[in-house]
Amino acid sequence: MSACLRFYCIAILLMALSTSAVAQFTPPPPPVGSPEVQEDRTVTFRLRAAKAEQVRLLSSDLPGLMVGADLTKDDDVWSFTTDVVPAGAYRYHFLVDGIRVLDPENTATSQSNTDLWSVVHVPGSAPFDTGDTPQGTLAEVRYHSETLGKARRMHVYTPPGYEEGDAEYPVFYLLHGASDSDDSWTSVGRAHVIFDNLIASGDAPPMVVVMPDGHTAPFNFAQPGDFEQQMAEFVQDFMHEVRPLVESRYRIKEGRANRAVAGLSMGGAHALDIMAEQLGDFAYVGVFSSGVFSLNPMTPPPSPTWAEQHAATLNDASLKDGLELLWMRIGTRDFLLQISRLTVEMLQEHGFDVTYDETDGAHTWLEWRDYLVTFASALFDG
């Protein structure tokens, strides 16, 4: 067979294969549009799952959906529409015949300690809606912790204009709750947007905001001993790795008056532990929906107690002089309410001036975003 004939035969074969592939190609179905946020702040979730027998929507944040809601099927598309929800950001996932599934049409996600969530933003709140204000920079910062002997990560927000100048800024360490990660305060808490808006409106001064990873390993609520160990390990990592790295790498103003720490739930307990270890270094301490966990009236107190362990700090009147604000908030439907109240009483017994309030809320991001707005507005003479 001549070379020309071989080439002709190969070309015919390739054309046949190509024609066959085109004939067999089935275009994907059109997108179903999920999540769809309506003007009345209801949200419709959809999932194309033709062969599924049951689809449920679960959310740790959307009101009323902690135990989930069933989607209804129309042809091969399942859907569910919420009631009107407050403005904010919400994590969710689908449960398809018992299998956890992210929303395949939504690229927005929120990372927790051991898994990933889809996330939807419902606009309608000036503090945490993205507008036309100048925006800061949000960075993932990775470092090796000599204290823990492992690679670690934190998120760092720098205010608008940080890269263009040489000015120094106060620093705010913002801590997340149990089962979350250093991604949580921005992906669902919208902290970077909150700071953009507060700074633009003049309600808070420009600052560097550091959001470290409060877990030192995968976390399981069923293992209390592991939780206590991770609590202690994080405080050591914070004091010996996070703070030194941040305050040497970034342009941070020196002095106690330019340093704040706050956190929600587990992060609030972390903030109290850090205060007890380094009170002389922080002028502002915030505790959102939290307290000293060992004050739980349902369990025997440890020996020594938290107050006894930190007696030298708690009883040092000179350390309280430079503490500008010790701020605590919790919702009246929060499961940590009693612990929070007992913590306030204990701190007051040791001479601390606690700014404390109870709001109408539970243990959710609906409270924590609002708490952050209020607390951040009081920082650094803001």
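Which residue in β18 is the bridge partner of G331? In this predicted model, the bridge partner of G331 is T359. The pair belongs to the contact between strand β17, residues 325-331, and β18, which run in the parallel sense and are joined over six bridges.

These two strands are part of an open sheet of eight strands, in the order β11-β12-β14-β13-β15-β16-β17-β18, with mixed pairing. At the edges stand β11 (137-145) and β18 (354-359); each has a single partner strand, so one side of each is left without a neighbour in the sheet. On average, and with direction ignored, neighbouring strands of this sheet are turned by 20° against each other.

Helix α3, formed by residues 191-201, lies across β11, β12 (150-158), β13 (171-175) and β14 (208-212), and runs at about 25° to β12. Helix α5, residues 266-278, touches β13, β15 (259-264), β16 (284-288) and β17, and its direction makes about 145° with that of β15.

Strand β14 illustrates how the sheet is built. On one side, β12 and β14 pair in the antiparallel sense over four bridges, with V210 as the bridge partner of V156. Strand β13 also pairs with β14, in the parallel sense and over three bridges; here the bridge partner of Y173 is again V210. Five of the five residues of β14 are buried, so the strand is largely enclosed by the rest of the structure. In a regular strand the side chains alternate between the two faces of the sheet. Accordingly, V208, V210 and P212 point one way from β14, while V209 and M211 point the other way.

In soluble globular proteins, nonpolar side chains tend to be buried together. The largest nonpolar core of the model has 42 residues, of which M154, Y173, V210, V246, L347 and F352 touch the most other members. Helix α4, residues 224-249, supplies the largest share of this core, seven residues. With residues up to four places away in sequence not counted, V210 touches M154, H155, V156, V171, F172, Y173, L174, V242 and V246. A second, separate core contains 34 residues, including A89, L198, L264 and F380.

Another open sheet has four strands, in the order β1-β2-β6-β5, with antiparallel pairing. Its edge strands, β1 (36-37) and β5 (72-74), each pair on one side only. Strand β2 comprises residues 43-48 and is joined to β1 in the antiparallel sense over two bridges; V37 stands opposite V43 in β2.

The buried residues of α10 are W365, E367, W368, R369, Y371, L372, V373, F375 and A376.

Residue S59 is placed between β3 (55-58) and β4 (69-70). Because its relative accessibility is 3%, S59 counts as buried. The side chain of S59 reaches the backbone nitrogen of D61 at 3.1 Å. Apart from neighbours within four places in sequence, S59 is in contact with L65, M66, R91 and Y92.

Technical notes: Residues are numbered from 1 along each chain as its sequence is written. This is a predicted model: local features need pLDDT of at least 70, side-chain atom pairs count only at pLDDT 80 or more; totals for chains, interfaces and linings use all residues. Side-chain values use heavy atoms; hydrogens and water are left out. Two strands pair if DSSP finds at least two bridges between them. Axes are lines fitted to C-alpha atoms, for helices over the stretch in contact, and angles run from 0 to 180 degrees between N-to-C directions. Contact means heavy atoms within 4.5 Å. Buried means under 20% relative accessible area, exposed over 50%, partly exposed in between (1.4 Å probe, protein chains only). A nonpolar core is a set of buried Ala, Val, Leu, Ile, Met, Phe, Trp, Tyr and Cys residues joined through side-chain atoms within 4.5 Å. A polar contact is a pair of N or O atoms within 3.5 Å; within protein, one must be able to donate a hydrogen and the other to accept it, and residues adjacent in sequence count only if both atoms are side-chain atoms.
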